Amino acid sequence: MADLSVSLCGIPLDNPVIPASGTFGYGYEFAELYDINILGTFSFKGTTREPRFGNPTPRIADCTAGLINAVGLQNPGVDKVIEEELPKLKQVFHKKVMANVSGFSVEDYVLACRKLDKCDQVGWLEVNVSCPNVHGGGMSFGTCPEAAAEVTRAVKAVCHKPVIIKLTPNVTDIVSIAKACAEAGADGLSLINTMLGMRIDLNTRRPVVANTMGGFSGPAIFPVALRMVYQVSQAVDIPVIGVGGVASAENVIEMLLAGATAVEVGAANLVNPFACRDIVQALPAAMEKYNINALKEIIGGCKHG
């Protein structure tokens with residue numbers, strides 16, 4: 001029987017499939033469609049210290065083999081998430097959930113993470129220093145090793161649960177930033193977030209999204225994500241979550257071979273709300289096809305040269 005289990009920062013997962021933040025809401029919406037307990041876990045919608053309305057509309061643009069989004073971290077704020085969203089989630093999801101946190105200052109990250117760290121439902125803090133859709137925060141921390149390390153140290157100082165830093169691909173050298181976060185105490189890394197892209201409406205000659213640019217995601221970015229996961233997993237001794245264009249069981253296996261311990265599925269959820277369920281169900285057959293008995297045994301198993 002195929003063994004899909006893995007361990008992420010010391011916490012066991014039934015399988016490595018995790019819906020990515022921003023594509024799965026707070027979970028209970030998808031629970032109306034299928035039993036979301038089939039998932040390893042999921043990363044809930046990016047949460048900030050204060051409520052955010054997000055960017056003006058339109059926020060979405062179609063692309064070949066992907067899409068651009070510029071939602072802008074719309075969320076009710078950390079207090080409302082704890083008071084309202086997590087109790088609703090508890091009724092339908094019986095595993096530890098990953099809390100995704102964004103901020104505009106180190107203090108923002110610290111305050112939100114400290115509060116979520118105290119929640120029994122939360123298993124991991126995924127600290128997003130890589131959002132390309134907001135001004136004055138997010139990616140501005142993730143493009144500089146020193147700034148990323150500063151956020152990492154500050155959050156680790158107030159949290160007891162594993163802290164996973166989510167990195168941006170919109171840099172020249174992602175390995176240097178990954179190393180800085182690891183040295184600052186990160187328990188894991190999540191990569192990659194969306195790439196920066198844009199589309200232009202040929203009729204109006206204006207950008208399609210009101211924010212001009214946004215995060216490009218989908219199958220088109222999978223090779224870039226895979227390459228960065230491979231590079232980073234070779235450079236650090238902490239778990240890596242592979243994110244970017246994952247849309248099939250074969251993609252999951254490829255990410256694990258590149259060095260990922262677990263895999264997040266993002267844009268595929270927006271195209272097909274059953275995407276993660278279907279990937280989990282397809283994994284045993286894919287493992288049999290490639291003579292894999294246990295997923296944990298192939299992590300980092302890509303042969304060199």
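Helices (H or I, at least four residues) and strands (E, at least two) are DSSP runs, numbered from the N terminus. The views below show a predicted model, in which local features need pLDDT of at least 70 and side-chain atom pairs count only at pLDDT 80 or more, while totals for chains, interfaces and linings use all residues. Residues are numbered from 1 along each chain as its sequence is written, and side-chain values use heavy atoms, with hydrogens and water left out.

**View 1. Helix α3 and the residue D108.** D108 lies in helix α3, and its side chain reaches the backbone nitrogen of F104 at 3.1 Å. This is a polar contact, that is, a pair of N or O atoms within 3.5 Å; within protein, one must be able to donate a hydrogen and the other to accept it, and residues adjacent in sequence count only if both atoms are side-chain atoms. D108 has a relative accessible area of 13% and is therefore buried, where buried means under 20% relative accessible area, exposed over 50% and partly exposed in between (1.4 Å probe, protein chains only).

View 2. Strand β7 (residues 122–128) pairs with β6 in the parallel sense over five bridges, and two strands are said to pair if DSSP finds at least two bridges between them. The bridge partner of N100 in β7 is E126. From β6 the chain crosses through helix α3 (residues 106–117) to β7, in a β-α-β crossover that is right-handed; the term applies if, with the strands pointing away from the viewer, the path from the first strand over the helix to the second runs clockwise.

View 3. β9 pairs in the parallel sense with strand β8 (residues 163–166) over three bridges, and in β9 the bridge partner of K166 is S190. The chain passes from β8 through α6 to β9, and this β-α-β crossover is likewise right-handed. β9 also pairs in the parallel sense with strand β14 (residues 240–243), again over three bridges, and there the bridge partner of L191 is G242.

View 4. At the start of α6, a side-chain oxygen of D173 reaches to within 3.2 Å of the backbone nitrogen of V175. The buried residues of helix α6 (residues 174–183) are I174, V175, I177, A178, A180 and C181. An α-helix has 3.6 residues a turn, so residues three or four places apart point the same way. G185 follows α6 and has a positive phi, near 110°.

**View 5. Aromatic pairs.** The structure holds five aromatic pairs, counted where rings of Phe, Tyr and Trp (its six-membered ring) have centres within 6.5 Å, with planes under 30 degrees apart taken as stacked, over 60 as edge-to-face and the rest as tilted. In one of them, the rings of Y26 and F44 have their centres 5.4 Å apart and their planes at 45°, so the pair is tilted. Y26 lies in the loop between β3 (17–19) and α1 (28–31) and F44 in the loop between α1 and β4 (60–63), so this pair ties together parts that are 18 residues apart in sequence. Y26 counts as buried at 5% relative accessibility, and F44 is buried with a relative accessible area of 0%. For F42 and F93 the ring centres are 5.2 Å apart and the planes at 65°, so the pair is edge-to-face. F42 lies in the loop between α1 and β4 and F93 in the loop between α2 (78–90) and β6, so parts that are 51 residues apart in sequence are tied together. Both F42 and F93 are buried, and ring pairs link F24, F30, F42 and F93 into a cluster.

**View 6. The loop residue V208.** V208 is found in the loop between β12 (206–207) and β13 (214–217), and with a relative accessible area of 29% V208 is partly exposed. The C-alpha atoms of V208 and K161, which are 47 residues apart along the chain, are separated by 40 Å.
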